[in-house]
Amino acid sequence: MSAPLNLVNLERVHKAHGTTVLLDDVSLGIAAGERIGVVGRNGSGKSTLLGVLTGREEPDSGRVTRRGDLALGVLDQSGTLPPGATVRDVVLPGSLFAAEHEWAADPAVRSVLTGLELDRLGLDSPVAPMSGGERRRVALAAQLVRPLDLLVLDEPTNHLDVEGVAWLADYVKDRVGALVVVTHDRWFLDEVCSQTWEVAEGRVHAYEGGYAAYTLARAERARIAAVQEQRRLDLVRKELAWLRRGPPARTSKPRFRIEAAQALIEDEPPPRDTMALQGFAARRLGKTVYDVEDVDYAVPGDPATGAPPRTLFDDLTWHVGPGDRIGVVGVNGAGKTSLLRLLVGETEPDRGRVVRGQTVAPAYLSQHVTELPGRLRVLEAVQEIARIARIGNQEISASSLAERFGFPASRQWTPVGDLSGGERRRLQLLRLLMSEPNVLLLDEPTNDLDIDTLTALEDLLDGFPGTVLVVSHDRYFVDRVCDSVVALMGDGSLAALPGGVEEYLARRAAGEAELPSAAGTTRPAAVAPADDAPARSAGEVRAARKEAARLERRLEKLTAAEEELHGELAAAATDHARVLQLDERLRAVLAEKDQVETDWLAAAEVAEG
């Protein structure tokens, strides 16, 4: 069988912006059906490579050829949509679908509308007033519904929650046609791509397989050619150790020789000593970090759009201890960012309280790049916070830490005002780390960070002797950095996920709203409704679920009170009067507990209906 013909060919292409050479004598091709992931540091030329491939940019020299009848679709990062258009105009234009029944009968199109939540936005909604994330999903959907020979996506997972990223991976794996995707989402790379291109120093290095195979090949190239520093090789080897120790679902897919990986990591220590770090954190932080007690919190409605007030947290109780490393996931709009803002005191609950430990020194990385001193240069902006930072058991100078985060010596004297969005994000993170916090709260920290910077951040966090809370849609980062995962399911509660992100996706797919509580106890199994049970309205079901949750919390408190009373009875065995008092209280607790259990079963039956 002959090899498939290339859709696009680059021959000895050279491209520079100003004095910076981004592509230097690059030759490569894209064949039909290939799925290629493109990685590299911010500013290395990834977007320029896509521009040359798609014809949006012309090379300074060399030749680019494309198949004559090539159907090409491109999602760039601009988010530009036609003015005055609706979702229907952009995603389901008349030139593509002459009648509504054409797309309505196509399961692939319906999958796109549902998977990207466009059915919730409304097909006749104008795109002009939409948020950046909503406009991004509309632009992505417009490319996915088209029959294309080559689909080129630049950071498609931005603004998607972890569930949306999983859906997108499944969709592009099943579609016909070639794919080229620039992304820093390592799980997505491993799940989707059969090849990985690394853009570095004007060259494009091609590797077979996804992120895991690319990591090994890069380590071998560095070791054999000795063209990178020993420290960077150690980081790659540490990353490999993580991959090999990881869940079976990840280690079953790498397309490389297992014995080669074992040879690289045989003497590698564990990524972090969890017990030692927790002990150190307890000495720095004491027993209390954050205690969320019976908190209610709602966001106000928007009169301009007619959006009603929305409850984010309902009687929420949660404990964050010293040394905890917790990932927070959930559907968009469930309140993940609001939860972090409550913890750091930027907002206050409507009811209940948030107790913060006296020794807590938090550093909060928000999704928005905060005001940076534009008058200073990069190194000066870091040294403005501190010249030396102690992170774990190592002291790091401002210059050394800046170099780890992608600011080489030549770049450290760049004015802050001249930095790109990704560089400003890195500088924001640098300044937080230099302040030597003992609690890190990171809201979507992987946004705008390249893979090398993410690896450096993970390496630093491996030795961070404090508490780490991470809100992220990046499954790889959550698995790598966090020891436990909790989820906001949109019903006002916080749920513990012993199975991590995989459990969250499985339960979401199954439509389950009831999860184990964040305190670690499991909610009782709901009673199945009888076949002749009367139909319930959606309002009745919601009210029953809320009542069942309230009764469940009451059950937990009564159970704790029962255990405490049993302990007091044992301690007061020789005090007859005290025993009688405690016995009376115990009888009252048991009677109430029995009634609450009965009420809970009734509410659960309605909720399941």
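**Entry 1: helix α6**

I began with helix α6, residues 132-144. I counted 13 residues in α6 and read 19 Å from its first C-alpha to its last. That is close to the 18 Å expected at 1.5 Å a residue. I note here that the model is predicted.

Next I looked up how covered α6 is. I found 11 of its 13 residues buried, so I wrote it down as mostly covered. The cut-off for buried is under 20% relative accessible area. Among the buried residues of α6 I listed Arg135, Arg136 and Arg137. The list also includes Gly133, Val138, Ala139 and Leu140. It runs on through Ala141, Ala142, Gln143 and Leu144.

What covers the buried residues of α6? I found that the cover includes strands β5 (72-75) and β6 (150-154). It also includes helices α2 (87-91), α4 (107-115), α5 (118-121) and α7.

**Entry 2: the whole protein**

I stepped back for the overall numbers. I noted 22 helices and 20 strands in the protein. The protein has 609 residues, and buried residues make up 51% of them.

I then turned to contacts between residues at least 6 apart in sequence. Of these, 69% join residues at least 24 apart.

**Entry 3: helix α1**

I moved to helix α1, residues 46-54. Eight of its nine residues are buried, so α1 is largely enclosed by the rest of the structure. I wrote down the buried ones: Lys46, Thr48, Leu49, Leu50, Gly51, Val52, Leu53 and Thr54.

I also checked what comes just after α1. There I found Gly55, with a positive phi of about 90°.

How are two packed helices described? The description uses the angle between their axes and the distance between the axes.

I applied this to helix α7 (residues 162-174) and helix α20 (residues 500-509). They pack at an angle of about 80°, and their axes are 10 Å apart. That makes α7 roughly perpendicular to α20.

I looked up which residues meet. From α7 I noted Val162, Glu163 and Ala166. From α20 I noted Val501, Tyr504, Leu505 and Arg508. The residues of this contact of α7 with α20 divide into five nonpolar, no polar and two charged.

I looked up Asp315 in strand β11, residues 310-320. Is Asp315 buried or exposed? Its relative accessible area is 15%. The cut-off for buried is under 20%, so Asp315 counts as buried.

I checked the backbone of Asp315 too. Its phi is positive, about 55°, although Asp315 is not a glycine.

Then I listed what Asp315 touches, not counting residues up to four places away in sequence. I found Asp294, Val295, Asp296, Arg351 and Arg553. With Arg351 there is also a polar contact: the two side chains are joined at 3.1 Å.

I followed the list to Asp294. I placed Asp294 in strand β10, residues 290-299. The phi of Asp294 is near 50°, a positive value in a residue other than glycine.

**Entry 4: Arg203**

I found Arg203 in strand β9, residues 203-208.

How many residues apart in sequence are Arg203 and Asp24? I counted 179. In space the two are 6.0 Å apart, C-alpha to C-alpha.

I listed the residues that Arg203 touches, leaving out those up to four places away in sequence. They are Asp24, Asp25, Val26 and Glu198. I also saw that the side chain of Arg203 reaches the backbone oxygen of Asp24 at 3.2 Å.

**Entry 5: Arg425**

My last stop was Arg425, in helix α17, residues 421-434. I read a relative accessibility of 2%, so Arg425 counts as buried.

What does the side chain of Arg425 reach? I traced it to the backbone oxygen of Glu444, at 2.7 Å.

Key:
Residues numbered from 1 in each chain as written. Predicted model: local features only at pLDDT ≥ 70, side-chain atom pairs only at ≥ 80, totals over all residues. Heavy atoms only, no water. Helix = DSSP H or I, 4+ residues; strand = E, 2+ residues; numbered from the N terminus. Buried < 20%, exposed > 50% of the residue type's maximum accessible area, 1.4 Å probe, protein only. Polar contact = N/O pair within 3.5 Å; in protein donor to acceptor, adjacent residues only side chain to side chain. Axes fitted to C-alpha atoms, helices over the stretch in contact; angles between N-to-C directions. Parallel < 35°, antiparallel > 145°, perpendicular 65-115°, else oblique. Contact = heavy atoms within 4.5 Å. Nonpolar A, V, L, I, M, F, W, Y, C, P; charged D, E, K, R; others polar. Expected span 1.5 Å × (residues − 1).
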